Amino acid sequence: MIEDLQANPELLPDAIEEVLRYRTSIAGILRMTRTDTQIGTIAIKAGERVLLQLASANHDEAAFADPDRFDIRRTPNRHISFGHSIHFCLGAPLARMESRIALHAMLERPLTCNGVLMYPLHYHWVHLVYSRTRSTFPLPSLHKLHYI
Ligand code: HEM
């Protein structure tokens with residue numbers, strides 16, 4: 001995938017969207033219903049709490065073809081990693097722009113350690129209850145790093 005992106009950097013925005021979908025960082029958010037509601041066969045009374053599983057929705061086979069395949073050319077890619085409707089993430093354009101700038105720089109100047117390429121995907125995930133974050137970023141001491 002890295003080589004593919006280096007050869008076709010115009011794919012970067014779509015690749016970022018696929019990372020957002022595939023590895024939904026905010027896996028679930030809570031809501032409370034205001035009125036009695038029916039979702040499919042489930043009746044939910046007003047005032048009940050509902051956990052919206054964004055990560056699960058982003059892997060819904062009714063919405064995404066072959067949803068468990070990571071595909072940087074996926075179009076359309078209507079994931080809900082930034083939420084939906086009136087609470088849609090205010091920072092989404094900033095997050096997308098920062099990702100493009102950072103990843104573009106990393107693709108142009110790959111970082112190596114003892115000849116091994118280092119990318120931000122090479123870290124250990126820690127799965128919190130409803131979000132994911134990095135537990136470690138295995139960077140060695142600075143003098144061992146080389147830009148190529
Ligand atoms: C990849 C990075 C990010 C992800 C995955 C993300 C995800 C989300 C999600 C799922 C929501 C909806 C929460 C809900 O419906 O209850 C949300 C809301 C929000 N996000 Fe983000 N976010 C990101 C980055 C940012 C950044 C960089 C900022 C600000 C600089 C930001 C500011 C906000 C704000 C203010 C809301 C509340 C919007 C509202 O309730 O009307 N987010 N975000």
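**View A. The crossing of α2 and α4 is right-handed.** A crossing counts as right-handed if the near helix is turned clockwise from the far one by less than a right angle, and as left-handed if anticlockwise. Helices here are DSSP runs of H or I with at least four residues, strands are runs of E with at least two, and both are numbered from the N terminus. Helix α2 covers residues 12-22 and helix α4 covers residues 92-108; they pack at an angle of about 115°, with their axes 10 Å apart. The axes are lines fitted to C-alpha atoms over the stretch in contact, and angles run from 0 to 180 degrees between N-to-C directions. From α2, the residues Leu 12, Pro 13 and Ile 16 meet Arg 96, Ser 99, Arg 100, Leu 103 and His 104 of α4. Contact requires C-beta atoms, placed from the backbone, to lie within 7 Å. Of the residues in this contact, four are nonpolar, two polar and two charged. Ala, Val, Leu, Ile, Met, Phe, Trp, Tyr, Cys and Pro count as nonpolar, Asp, Glu, Lys and Arg as charged, and the others, Gly among them, as polar.

The model is predicted: local features need pLDDT of at least 70 and side-chain atom pairs count only at pLDDT 80 or more, while totals for chains, interfaces and linings use all residues. Residues are numbered from 1 along each chain as its sequence is written.

**View B. Residues around the ligand include Ser 25, Ile 26 and Ile 29.** Also among them are Phe 82, His 87, Cys 89 and Leu 94. A residue is listed if its C-beta atom, placed from the backbone, lies within 6 Å of the molecule. The shell divides into seven nonpolar, five polar and no charged residues.

**View C. Strands β1 and β4 pair in the antiparallel sense.** The pairing runs over five bridges between β1 and β4, the latter covering residues 49-53; two strands pair if DSSP finds at least two bridges between them. Gly 28 has Gln 53 in β4 as its bridge partner. Buried means 20 or more other C-beta atoms within 10 Å of a residue's own, exposed means 12 or fewer, and partly exposed lies in between, with C-beta atoms placed from the backbone.

**View D. Asp 66 has a positive phi, near 45°.** Asp 66 lies in the loop between α3 and α4. Asp 66 is exposed, with 9 other C-beta atoms within 10 Å. Most residues other than glycine have a negative phi.

How values were computed
Two residues are in contact if their C-beta atoms, placed from the backbone, lie within 7 Å.
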